[in-house]
Amino acid sequence: MNPLLIIDQIGKRFGSLDVLKDIQLEVDQGEFIALLGPSGCGKTTLLRTIAGFLEPDRGRILIDGSDVVRLPPNRRPLNTVFQNYALFPHMRVIENVAYGPSRAGVNRGEAEKRAAEALAMVDMATFGQRYPRELSGGQQQRVALARAIVNRPRLLLLDEPLSALDLQLRKKMQLELKHLQAALGITFIFVTHDQQEALTMADRIVVMNAGRIEQVGMGSEIYKRPATKFTAEFIGEANFMKFVRCANNTARLDLCEQIVVCSGTVPDRGDAVLRPESIRVVHSSHELPKTWCRLPARIDEVVNLGSHELVYATVGHRLLVVRAPVGCAAQIKDLASEVAFDPQDLHLIAEV
Amino acid sequence: MRSWISPVQMMAAPIAFITAFFLVPLSVVLLASFQDKSGAFSLGEYVRILADQYHLGVVLTTFRIAILTTLVCLVLGYPLAWYLVRVVRIRAWRRICVILVVVPLFTSNIVRSFGWMVLLGRNGLVNDGLQAAGLIERPIRFLGTEMGILIGMVYVLLPLVVLGVGNAIAKVDTSLERASADLGASSVSTFFHITLPLTLPGVIASSVIVFTLATSAYVTPALLSGGRVTVLSMLIFQQYSATFDFNYGGALSAVLLVVTLVMVSLAGRIGRGTK
């Protein structure tokens, strides 16, 4: 099967700033893609380029094999959910949602019937006669979603649509969006700066930074095997240390003198990533496998987050973040404490 | 102890001012309109307006010119406002354009109208230009025609529309227009479904201002009419300054006021209907 969307060498420059640098991406029919990155990384620019609100300086955008770069937004087979929802304030909810079908030449009765169906899909069936200003933020968000899916586009673009909602509602909407996407079979491209949101919803995550794609992959894969230091830092929390290769599969870390045995091949030098949940805080008398790396540590701070706690421990001159079960650090706080990890859990990123 | 001005004290000065210089004179004028020469109550002056073909014609001419002025101002002013707000990217150029639009408001009405008399005359710049371009063979008579008055009035009142409508256009969130395009609307369709309805309150407010100023304008029509066209304000002026008929002048003023108020409230109703 051919990809639904092919972004081919897209580049865009604002003044002297490259906001998109040779973006290359393929998206399959029915996929849920998250464009993830910090503000200013180019993710929204990329979305607007796909939607047709910005013309790229170079490159092609193929939807179903045909290049749409020269097409105006109203002639592209896609719809957008805008960050501020962009509901038409002078129209009732039902008119807002019927706007798409009406422009496509559907008669009024049929357009409103389709609008009512779309509203029902987002649990807003009873709000048709209201004006947008009479709705809460979450309700407006649902209307914006209904308006964008009513024409059954091949591709739905979502520009940080949940960013204005409070945390509880956001989490609820994340799951609802995922279910809706699965039910409709529409390809979603979702822009967010929230890694949790991306991990929750997306089939594949596109990590962007400074106008480039850093890495594309499934959430778990990106988390476990980040391709760059940026990705490791941006997705989840990470402890970094420098490493140098010693022999075939052993490396020396700048954290300790011990030579550790790593999994897979070891690059010459680079950054080793260690996730907080891979580290344990233990008493010096605690038994651990011989291959583990253990270091004397001073526990500086314990932050209880309810389900777990974050322990900030100083090893040498370095601060490590450890994710530990609640109460774990308290037991050994005043005694000789150590941090320990299995070197197999180190992820090595080669220096470029 | 804290000293503060109560709302009553605050409002006292403006209320006194409006009463002394607006409500009282207005009452005098209206009372006079309901009296005959002997001072007895009479509707005779109003009957006179309706009965006199010439005077009724003046009323109709006045409102015809005012309505045309409003429409022409909107047709010219809306695109100009659009250009200034949405198209111009360079700030300096936008500032120059706004100054050019606003400058007529700073010059004396009499000077502006004399300027148009010179431009629109038989051998004025407009006729010379049209002849040189081969568009006309003989000079067109502008002065002393409704067309001449219309040109002068549009020139005077256009800045108000550009500023009013420009403000309304600037307030429209461009993401609404993007959303419209995204949903399949062409730019023309987006304009009529989204932009125009959202700017309509501004359009109506500007129209009301232009219309009221156009119906009550005196200097521009007086100078550009050359005595050949008479509008209501000129007729009223004649009653008070030449014939000293305060009763008839009052009745004409009342007609001007009432018709204008009716038009303004109609416009207000249309404005509310769109919200």
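In strand β4 of chain A, the residue A:Ile63 is the bridge partner of A:Leu5. The model in which this pair is found is a predicted one.

What is the order of the strands in the open sheet of chain A? The four strands follow one another as β2-β1-β4-β5, with antiparallel pairing. Strands β2 and β5 (66–67) of chain A are at the edges, and each has a single partner strand, so one side of each is left without a neighbour in the sheet. A helix accompanies these strands: α1 of chain A, residues 43–51, lies across β1, β2 and β4 of chain A and runs at about 65° to β2(A).

The next topic is the packing of nonpolar residues. In soluble globular proteins, nonpolar side chains tend to be buried together. In this model the largest nonpolar core has 79 residues, and A:Leu35 and A:Val97 are the ones with the most contacts inside this core. Helix α4 of chain A, residues 137–149, gives the most to this core, with six residues. Leaving aside residues up to four places away in sequence, A:Val97 touches A:Ala115, A:Ala118, A:Leu119, A:Val143, A:Ala146, A:Arg147 and A:Val150.

Chain A as a whole contains nine helices and 21 strands. The C-alpha trace of chain A spans about 80 × 45 × 40 Å along its principal axes. Of the 352 residues in chain A, 42% are buried. Among the contacts in chain A with a separation of 6 or more, 63% are between residues 24 or more positions apart.

The domain assignment of chain A gives domain 1, residues 5–233, and domain 2, residues 240–350. Taken over C-alpha atoms, the centres of domain 1 and domain 2 of chain A are separated by 39 Å. Where the two domains of chain A meet, six residues of domain 1 are in contact with five residues of domain 2. The side of domain 1 of chain A that touches domain 2 of chain A is made up of two nonpolar, one polar and three charged residues.

How many residues does each chain give to the contact between chain A and chain B? Chain A gives 16 residues and chain B gives 16 residues. On the side of chain A that touches chain B, the elements that give two or more residues are β6 (78–81) and α2 (93–103) of chain A. Helix α2(A) gives the most to this side, with three residues. By class, the side of chain A that touches chain B has nine nonpolar, six polar and one charged residues.

Note on methods:
Residues are numbered from 1 along each chain as its sequence is written. Chains are lettered from A and ligands numbered from 1 in the order in which they are written. This is a predicted model: local features need pLDDT of at least 70, side-chain atom pairs count only at pLDDT 80 or more; totals for chains, interfaces and linings use all residues. Domain bounds come from an automatic or database domain assignment. Two residues are in contact if their C-beta atoms, placed from the backbone, lie within 7 Å. Ala, Val, Leu, Ile, Met, Phe, Trp, Tyr, Cys and Pro count as nonpolar, Asp, Glu, Lys and Arg as charged, and the others, Gly among them, as polar. Two strands pair if DSSP finds at least two bridges between them. Axes are lines fitted to C-alpha atoms, for helices over the stretch in contact, and angles run from 0 to 180 degrees between N-to-C directions. A nonpolar core is a set of buried Ala, Val, Leu, Ile, Met, Phe, Trp, Tyr and Cys residues joined through C-beta atoms within 7 Å. A residue is buried if 20 or more other C-beta atoms lie within 10 Å of its own, exposed if 12 or fewer, and partly exposed in between; C-beta atoms are placed from the backbone.
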